[in-house]
Amino acid sequence: MIANQVALIRRELWEHRAIYVTPVVIAVIVSLMSITGQVTVSSFNNALDVAILGITNLGERERSGFITVLTAGLSGFFVLAMWVLIIFYTLDALYAERKDRSILFWRSLPCTDAETVLSKLLTAVLVIPLVTFAAIAVTQLVVLALSSVWLGMHGANAWHLVWGAAPLFENWLATLVFVMALPLWLSPFIGWFLFVSAFTKRSPLLMAFLPILILPMLEKSLIGTTVFADAFFVRSGSLPILGEMDVGDFMFFEHGELQAADSAAVSLLPLLNVGQFLGSPGLWLGLAVCGLFTTTAIYVRRYRDDS
Amino acid sequence: MPSLVSARNVSKSFGPVLAVNDVSFELEQGKIMGLIGPNGAGKTTLLKAILGLTDCDGALSVLGLDPFRQRKELMQNISFIADVAVLPRWIRVNQLLSFVESVHPRFSRPRAEELLSRTKILPRAKVRELSKGMVTQLHLSIITAVDAKLLVLDEPTIGLDIIFRKEFYGNLLNDYFDKERTILITTHQVEEIENLLTDVMFINDGRIVLHASMDALPERYVELMTSGENAERARRLNPIFERDVFGKKVLTFEGITREQLKGLGELRTPGIADLFVAKVKGAAA
């Protein structure tokens with residue numbers, strides 16, 4: 001069972017190379033942008049010296065907060081790409097094998113339909129986030145290393161400014177929890193995409209998104225309620241893993257000076273509220289919906305015969 | 001010999017259409033059975049039921065298992081080509097071997113590699129880079145490297161040229177088949193597998209119209225080539241089918257001894273293809 005899962009998930013990575021190529025491409029782009037930025041900034045010689053001096057004289061909390069905001073900003077690209085990857089991956093996962101008829105070959109091997117569909121679900125909710133996290137961590141290291149070199153070239157103490165101040169491990173832990181939590185929170189969509197992928201005869205992207213757009217409109221115009229709209233859009237717009245804290249509380253400028261809020265910590269970790277996340281009924285309801293759709297996808301793969 | 005496939009009153013319908021209609025038969029170990037039928041006769045549906053790819057009514061047992069409900073166990077002991085050109089096009093040959101090796105307890109990778117070394121297929125090649133014939137060679141190498149009790153081939157040589165087809169069946173007989181193994185095969189190119197088969201089963205409109213061992217055919221069926229008066233006399237013996245060949249009449253008989261037809265013309269055992277046409281068209285007439 002476990003050995004089969006490993007083999008099946010490895011197969012998904014062979015087939016869907018975008019799962020690791022995309023994060024690598026983003027990592028390269030972000031690193032290049034960071035170099036470009038440093039080169040551009042370098043042309044402002046005098047202002048630069050003043051700025052470096054200013055940063056050097058900031059308090060430790062401010063410096064930590066500054067680096068946290070910088071590195072978290074990098075993660076944003078990867079998290080966005082992760083969600084796009086998950087959408088396209090799940091819509092393709094059970095559709096491509098029917099389109100090229102390779103499902104006939106896969107089903108001639110001793111793997112059950114449940115094992116196969118499960119491997120695709122695990123790839124979406126586990127493997128893609130882990131790959132994303134790894135790419136984020138490596139990119140942050142690269143960008144911080146590049147910044148250190150650059151600061152060193154301008155006579156600043158990189159250890160003091162960057163490595164001594166960065167709450168790297170706390171931020172990584174928070175990032176890991178966040179990228180793992182996001183697919184769980186959005187799991188009803190993931191289950192739905194898998195189901196559409198197993199079910200539709202053509203254009204899975206259209207078939208997946210049309211109902212998400214049309215159902216709330218129909219509901220609103222016919223019976224005036226917004227149950228579907230709430231279910232779809234409130235879920236995709238909220239994330240209970242993020243605590244009450246507003247990012248605005250996190251850092252602010254006062255009298256033109258960067259300040260860390262007194263109550264705020266300077267890493268990402270306090271931003272997360274795992275208890276609230278695990279205790280939210282929406283999470284468990286969403287997982288149940290995902291389970292239902294996934295089971296239906298297994299059923300469709302097993303019973304439908306359209307080869 | 002134990003029975004590997006046992007079908008009792010098996011039926012499968014798609015809506016109002018009965019694709020397989022009350023079929024019963026046994027397939028014993030060590031046989032090579034040809035399942036012959038026109039398009040839409042229900043061959044593929046019957047094979048799919050045997051492979052657990054589709055549900056069916058009636059009692060169907062394959063290797064003592066319920067194929068639909070115990071498909072995973074079944075797949076460990078049978079191997080099949082459902083159709084040519086169904087290998088995923090994105091995969092590399094060595095990835096394919098690794099994957100099958102990790103999920104199939106009876107797959108021998110060294111055996112597959114040995115078979116592949118006789119071809120021009122390179123381990124790093126992607127399936128999409130291979131010719132149609134090479135894809136089939138690859139597929140055949142994989143499934144014949146599985147130590148399976150039952151091998152099921154559905155139209156394995158469709159779209160292949162004659163050289164590949166000859167090689168395919170040659171390899172199948174020489175390298176694969178032995179007394180322990182059993183093969184179930186369907187094809188339109190009946191003449192090519194005629195000499196391979198130990199048993200033959202005709203299916204038409206979802207029903208079995210003939211199921212016999214190849215050895216029994218000459219006793220049960222005889223073909224008479226004749227003309228004129230002799231043809232008239234032969235017709236009184238109720239041929240199941242009659243056709244014209246080069247201005248002569250060819251009459252096919254079932255259950256008539258060669259003694260009875262002596263002196264009426266040339267006698268021979270009908271080929272599978274001719275016999276099939278006689279059984280199917282004769283029944284329709």
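Predicted model: local features only at pLDDT ≥ 70, side-chain atom pairs only at ≥ 80, totals over all residues.

Modeller: The axes of α7 (residues 113–153) and α15 (residues 281–303) of chain A come within 9 Å and cross at roughly 135°. That angle makes α7(A) oblique to α15(A) (under 35 degrees is roughly parallel, over 145 roughly antiparallel, 65 to 115 roughly perpendicular, and the rest oblique). Axes are lines fitted to C-alpha atoms, for helices over the stretch in contact, with angles from 0 to 180 degrees between N-to-C directions. Helices are DSSP runs (H or I, at least four residues), numbered from the N terminus.

The crossing of α7(A) and α15(A) is right-handed: the near helix is turned clockwise from the far one by less than a right angle.

Which residues make the contact? From α7(A) come A:Asp113, A:Ala114, A:Val117 and A:Leu121. From α15(A) come A:Thr294, A:Ala297, A:Ile298, A:Arg301 and A:Arg302. Contact puts two C-beta atoms, placed from the backbone, within 7 Å. These residues divide into 5 nonpolar, 1 polar and 3 charged. Ala, Val, Leu, Ile, Met, Phe, Trp, Tyr, Cys and Pro count as nonpolar, Asp, Glu, Lys and Arg as charged, and the others, Gly among them, as polar.

Chain A also touches chain B. That contact takes 18 residues from chain A and 23 residues from chain B. On the chain A side, α1(A) gives the most, with 6 residues.

Residues are numbered from 1 along each chain as written, and chains are lettered from A and ligands numbered from 1 in written order. Local features need pLDDT of at least 70, side-chain atom pairs count only at 80 or more, and totals for chains, interfaces and linings use all residues.

Notes
Helix = DSSP H or I, 4+ residues; strand = E, 2+ residues; numbered from the N terminus.
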